[in-house]
Amino acid sequence: MASENSKQFWKRSAKLPGSIQPVYGAQHPPLDPRLTKNFIKERSKVNTVPLKNKKASSFHEFARNTSDAWDIGDDEEEDFSSPSFQTLNSKVALATAAQVLENHSKLRVKPERSQSTTSDVPASYKVIKSSSDAQLSRNSSDTCLRNPLHKQQSLPLRPIIPLVARISDQNASGAPPMTVREKTRLEKFRQLLSSHNTDLDELRKCSWPGVPREVRPVTWRLLSGYLPANTERRKLTLQRKREEYFGFIEQYYDSRNEEHHQDTYRQIHIDIPRTNPLIPLFQQPLVQEIFERILFIWAIRHPASGYVQGINDLVTPFFVVFLSEYVEEDVENFDVTNLSQDMLRSIEADSFWCMSKLLDGIQDNYTFAQPGIQKKVKALEELVSRIDEQVHNHFRRYEVEYLQFAFRWMNNLLMRELPLRCTIRLWDTYQSEPEGFSHFHLYVCAAFLIKWRKEILDEEDFQLV
């Protein structure tokens, strides 16, 4: 049953590598119309030949060195399909079931305890005062209320995790309690950020395995080049850049109704409601207005590319991170009307400038014909051909072009494949790398293919889902 589930998994999951999909709203090249038809074929299991041992490449070294850097808290290495998990002694099972029934019967006799203390928590959200230099430490007593991640019986299925990291997540891995090591890391960040001149090289080194939520906003501002390393200049820089952004609003935003800008604004206006439609935060009119202003001003100031569908996704991580600077509760259901006008203006301006810094490094992804994406997809193909020739040849055998599935990975930086909380964690590392959003991103995409290589090799019908 486990093998059958894994065999069928690839076809029914459109969120994992190998599922060839049209890029949502992007200027993607036309796909082969034969792929759009729903051919259902009877398939026999393919006996794949195991790979021969090869000399370790730089990618394999990279994989070994970073195998523990992404820790969501689930033990995916355990083989739940092994015989030890499938075989169970009947006597042990009967004895365990009897014990469970006995325990439940005892609990029914005892008086029920009062409801959990969570009912005493006020429903209203709390707003806190922000500090750009160092965040106040959070109370971790609420973290025990989070539901633990459950291991999945079928390995390819991902654990269900929140779309957005909550304030109770005290570290990048999502584990509720802060360990001594995590507290030490947080203190290390605070010392770096409060020093007169922050050592950016050391900050990048500390940020690579993840940035604690408490200091993520100011860390991202520094890593993106938006804030200066000198502590004394930060306040004036923030004030000046925020005023500059709203000067752009006054100068350009009214032109959205002019004839030569109508098409740009209309496309932005259409795309904004489609941005993370399952998260209530992004469906609030006030948030959508903020996104419209950010994207329109960026498009006006970058006429070489203008607005391209997919750029709207790149605003959301910055917006969530800078919003979390002011909000004590989880942000996905937070009503932004509870924030002051000054807070909202700060979040909007900071999101604009940090997104602009990101796009400065990958703008050729969005210029005419999107040459940056074409080059990156070709580089991904060459990389996979070196590190896993069997997967590469399997794609060639079934006439699967890398452009058909990797175009969206480059256009949206995997934001359509990952939950938002995972994207934020991934961007901690991207911003720690000199060319994280371009060069390093290729290795992450290759890691996707290697992670699900078994499902890819079992698949013969790469139909368009």
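User: Is W220 buried or exposed?
Analyst: In this predicted model, W220 is buried, with a relative accessible area of 0%.

User: And F318, buried or exposed?
Analyst: F318 counts as buried, at 1% relative accessibility.

User: Which aromatic pair does F318 form with W427, and what is the angle between the planes?
Analyst: The pair of F318 and W427 is tilted, with 55° between the planes and 5.4 Å centre to centre.

User: Where do those two residues lie?
Analyst: F318 lies in helix α11 and W427 in helix α16, which covers residues 420-430. The pair therefore ties together parts that are 109 residues apart in sequence. Like F318, W427 is buried.

User: Back to pairs in general. How many aromatic pairs does the structure hold?
Analyst: The structure holds 27 aromatic pairs. One of them joins W220 and F318; this pair is edge-to-face, at 5.5 Å centre to centre and 75° between the planes.

User: Why does that pair tie together parts apart in sequence?
Analyst: Because W220 lies in helix α7 (residues 216-223) and F318 in helix α11 (residues 316-323), the pair ties together parts that are 98 residues apart in sequence.

User: Which residues do ring pairs link into a cluster?
Analyst: The cluster linked by ring pairs contains W208, W220, F318, F322, W427, Y430, F437 and F440.

User: New topic: charges. Which ring does the charged end of K241 sit over?
Analyst: The charged end of K241 sits over the ring of W353, 3.6 Å from its centre.

User: What about R256?
Analyst: The charged end of R256 sits over the ring of Y265, and the distance from the ring's centre is 5.7 Å.

Terms used:
Residues are numbered from 1 along each chain as its sequence is written. This is a predicted model: local features need pLDDT of at least 70, side-chain atom pairs count only at pLDDT 80 or more; totals for chains, interfaces and linings use all residues. Side-chain values use heavy atoms; hydrogens and water are left out. Rings of Phe, Tyr and Trp (its six-membered ring) pair if their centres lie within 6.5 Å; planes under 30 degrees apart count as stacked, over 60 as edge-to-face and the rest as tilted. Helices (H or I, at least four residues) and strands (E, at least two) are DSSP runs, numbered from the N terminus. Buried means under 20% relative accessible area, exposed over 50%, partly exposed in between (1.4 Å probe, protein chains only). A charge sits over a ring if NZ of Lys or CZ of Arg is within 6 Å of the ring centre and within 35 degrees of the ring normal.
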